[in-house]
Amino acid sequence: MERLRKYGFIAGFLIVPVVLYSVFVISPYIQAFQISLTDWDGYAASPAYVGLENFAKLFDDDAFWQALRNHGILLLVLPLATIVIALFFSFLINLGGGSHGAGMRGIWGSKFYRVVFFFPQVLAVAVVGVLFRAIYRPDEYGVVNGVLIKLGFDPVGWLVEPSIALWAVIAVMVWQAVGFYVVLFSAGMAAIPKDYFEAAALDGAGRFRLFFSITLPLLRDTVQVGWVYLGIAAFDGFALIQVLTGDKGEPDGTTHVLPVQIWKTAFNYSEYGYASAMGVALFFLTVTFAVLTLRTTRRERIEF
Amino acid sequence: MTHPGEITRRQLLRRIGLTAFVAGPGAGLLSACATAGGGGTPSSAAPATTLAASADPKNPFGVDPNKPLEVTIFSGGYTDAYAKEIHEPLYKKAFPGATIKHNATQQIGIQLRPRFVSGDAPDVINNSGPESMDLVALAGQGHLADLTVLFDAPSYDDPSKKVRDTVTPAVITNAKIDGKDLVLNYTVSHRALWYNARLFEQKGWTVPKTWAEFTALGEQAKKEGIVLFAYPGQVGPYYQTWNMLYTAAKIGGNQVIIDIDNLVDNAWLADPVKKAVAAWVDIQAKYGDKAYFGLDHTQTQVKQLQNKVLFYPTGSWIENEMVKDIPDDFEYAIAPIPDVTPSDVMPYGAIQVGVGENFVVGAKGKNPQGGLEYLRIMLSKEGAKGFTQKTQNLTVVNGAAEGVDLPAALRSAAKAQDAAGQNIITDARFEGWYKELFDYATEQMNVVMAGRSTPEEFCVNVQKKADEIKKDSKVSKQTRSE
């Protein structure tokens, strides 16, 4: 009785969010699994079940494999570049100025930089896309190419040369993400007791030593979270790529990503079943990545 | 300090647990969400609904004068003023007791797809824009009303004439899906190369008639820092797909495009296609500028207005599209594609004249009779003239633009059509029938124009895709004979 009352009380609070969550989050997921087994065209009232045919089709789909290759590159580069840059900046902002009185401080003007770094995070992805289309514009009106042309160089087709387009896109993603991770890592650094740094500084440790021997090991958990977030972001890129290079993965499919392909397959080609199968594949890719990352980087935690 | 790793793992497990729970008892309930569950009629037994025609020439479809009508308009380049201020008031005048629910959107598919699935579609739908619906799929489910009764009904202005005799014949040939008349194409457009007539006057240039003249002009323009030809590699690269197809038809006749539409074996490997691709690749390499691969249609069109681009492949809507930005010394004029070879099947002057802007009537809506009547009103002289006045674009209704003050682009297009006579290049319908093939061809177009594949490879690649579509039994096939 006692137990029932206790759990009834908790359930009373949970029932509304759980129902909302089930209807708006869980049920579409499950439905995607269900639709992926059908040949639904988006209009039929009762689509026919085709078993795993849609998944078999994925294996022969060149565009799908090209998208996976692009996600592979994103997965390697995006987290690494963002985390390295963000760690560097947050170290400078928080600890780069050396010890000072009661604790460590950042380099001169760090409060200003902290705000400025966060700016890109405030902008909507679509705005960032439009902004960088102007920056990457391949003719004399482009922000970068205008300067290049004035200096007598040939303009660069940032988003139209297959060899550089994906890198140009990744650069935008990193640019936008760094600010958030600077803030995240700053918070992590603030939580590290100041005595550690003081002690190390007294023993004669320089800034490099402080960073690699004290800051980085104690930030491990935060970096790990960042890695998972960025990895999941590497499976997305929908809005940014739509605006920057369109829905065909131009040029030559080098900026093909799965979310754009799913959207196009469903809404342009009316192949909802096949698109759902891609969605299911993407779901498992993302979950596998998250689980693997958390598993392989698990280690004893330091309490302080 | 939080323990993010731990929490995420636990959450994951919990989510999986919850998923299993909901999937059990809730699955039946959930399956009813997007696809309306089972119990619907099988798709094969869902033919287009044919409505009986009544004898009254004033009201041939037997419209209930008090029944409300719902109209959904794509508010793109034409906006929705023509419907709101011309066609709907005309309907109200005919049926004062009826209320009209007017809905304008740029996201036709997103708004209407769920309504079609639940059997609550609007009566008149202007299916257009990037989010437009797949009409073949809709037709397969019997959602589109048969327009044969409309085409056979007495016309609005002259009851002794059938509607089908008051419109340009392309309306009838383009209405068919799966052999039935389901789509009304309302506008007429002229496609070829567009240029600035004033610039030509000023420089003393003449419109090139042969490929040699075309390239010679390219050399001259180059000296002036003008690009002979450009198409937008972003957003509108299909302009070049059209241009290439029309060039192929000019070289080898309309049969080239008809074969491509009918998925005839090796249609893309035909000699005229290869020649057309090679000719344009050559122009791009010698007289083009690769910067345009990274520009969208508006950016490219603005550069043409600045006299940086000589010829631009588009349609007669261009003037209305750019009307706000056209400088005083710029006048749009159409130039036919120059003769590629001395033995082109179509003589110089051939241009593409096509119909567009789809209107359909929802067969399972509340007032399909009213929908048909609304289309009949659109095809009246008054309705069509109003459209032309509002949008500066021509309609399919014969003689409806008489007395309307047309902009320069349309006057030039009309003149070119007169000059072309019977030599009208047909439209490529696989764009709507097999969108995946059209998109793929356009993708490959950018690759070949940028010089990253050869014209030969382009043809082979697109043919491979066409073969895939042909073999795919799930893609419903369309055919055309003319």
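Colleague: In which hand does helix 3 of chain A pass helix 7 of chain A?

Modeller: This is a predicted model, and the answer is read from its atoms. Two packed helices are described by the angle between their axes and the distance between the axes. Here helix 3 (residues 62-94) of chain A and helix 7 (residues 165-190) of chain A have axes 7 Å apart. The crossing of helix 3 of chain A with helix 7 of chain A is right-handed.

Colleague: Which term describes the direction of helix 3 of chain A relative to helix 7 of chain A?

Modeller: The two helices pack at an angle of about 40 degrees. Angles under 35 degrees count as roughly parallel and those from 65 to 115 as roughly perpendicular. The angle therefore makes helix 3 of chain A, relative to helix 7 of chain A, oblique.

Colleague: How many residues of the contact of helix 3 of chain A with helix 7 of chain A are nonpolar?

Modeller: The residues of this contact include no charged ones. Five are polar. The number of nonpolar residues is 22.

Colleague: Which term describes helix 5 of chain A relative to helix 11 of chain A?

Modeller: The axes of helix 5 (residues 125-136) of chain A and helix 11 of chain A come within 8 Å. They cross at roughly 30 degrees, and the crossing is right-handed. Because angles under 35 degrees fall in this class, helix 5 of chain A is, relative to helix 11 of chain A, roughly parallel.

Colleague: Which residues of helix 11 of chain A make the contact with helix 5 of chain A, and how many residues of the contact are charged?

Modeller: Helix 5 of chain A contributes Val125(A), Ala126(A), Val128(A), Gly129(A), Val130(A), Phe132(A) and Arg133(A). Helix 11 of chain A contributes Ala239(A), Leu240(A), Val243(A) and Leu244(A). By class, the residues of the contact divide into nine nonpolar, one polar and, as charged, one.

Colleague: What percentage of the residues in chain A is buried?

Modeller: Chain A has 13 helices and two strands, and its C-alpha trace spans about 80 × 75 × 30 Å along the principal axes. Among its contacts between residues at least 6 apart in sequence, 67% join residues at least 24 apart. Of the 304 residues in chain A, the buried share is 38%.

Colleague: Which peptide bond beside Pro251(A) is cis, and what is its omega?

Modeller: Most residues other than glycine have a negative phi, and most peptide bonds are trans. Pro251(A) lies in the loop between helix 11 (238-245) and helix 12 of chain A. The cis bond joins Glu250(A) and Pro251(A), with an omega of about -10 degrees.

Colleague: How far apart in space are Trp263(A) and Pro251(A), C-alpha to C-alpha?

Modeller: Trp263(A) belongs to helix 12 (residues 258-268) of chain A. With 16 C-beta neighbours inside 10 Å, Trp263(A) counts as partly exposed. Trp263(A) and Pro251(A) are 12 residues apart in sequence, and their distance in space is 19 Å.

Colleague: Is Glu357(B) buried or exposed?

Modeller: Glu357(B) is found in strand 10 (residues 351-361) of chain B. Its phi is positive, about 65 degrees, although it is not a glycine. Glu357(B) has 23 C-beta neighbours inside 10 Å, so it counts as buried.

Colleague: What is the phi of Asp178(B)?

Modeller: Asp178(B) is placed in the loop between strand 4 (176-177) and strand 5 (180-181) of chain B. With 15 C-beta neighbours inside 10 Å, Asp178(B) counts as partly exposed. Its phi is positive in a residue other than glycine, near 50 degrees.

Colleague: Which residues does Ala420(B) touch, leaving out those up to four places away in sequence?

Modeller: Ala420(B) is in helix 16 (residues 408-420) of chain B, and it is buried, with 21 other C-beta atoms within 10 Å. Its C-alpha atom is separated by 9.4 Å from that of Gln352(B), 68 residues apart along the chain. The residues touched are Gly349(B), Ala350(B) and Ile351(B).

Colleague: How far apart are the C-alpha centres of domain 1 and domain 2 of chain B?

Modeller: The domain assignment of chain B gives domain 1 (45-188 + 354-405) and domain 2 (190-352 + 427-471). Six residues of domain 1 of chain B are in contact with eight residues of domain 2 of chain B. On the domain 1 side, these divide into one nonpolar, five polar and no charged. The distance between the two C-alpha centres is 32 Å.

Definitions and conventions: Residues numbered from 1 in each chain as written. Chains lettered and ligands numbered in written order. Predicted model: local features only at pLDDT ≥ 70, side-chain atom pairs only at ≥ 80, totals over all residues. Domains from an automatic or database assignment. Contact = placed C-beta atoms within 7 Å. Nonpolar A, V, L, I, M, F, W, Y, C, P; charged D, E, K, R; others polar. Axes fitted to C-alpha atoms, helices over the stretch in contact; angles between N-to-C directions. Helix = DSSP H or I, 4+ residues; strand = E, 2+ residues; numbered from the N terminus. Parallel < 35°, antiparallel > 145°, perpendicular 65-115°, else oblique. Left-handed = near helix turned anticlockwise from the far one by under 90°. Buried ≥ 20, exposed ≤ 12 C-beta atoms within 10 Å, placed from the backbone.
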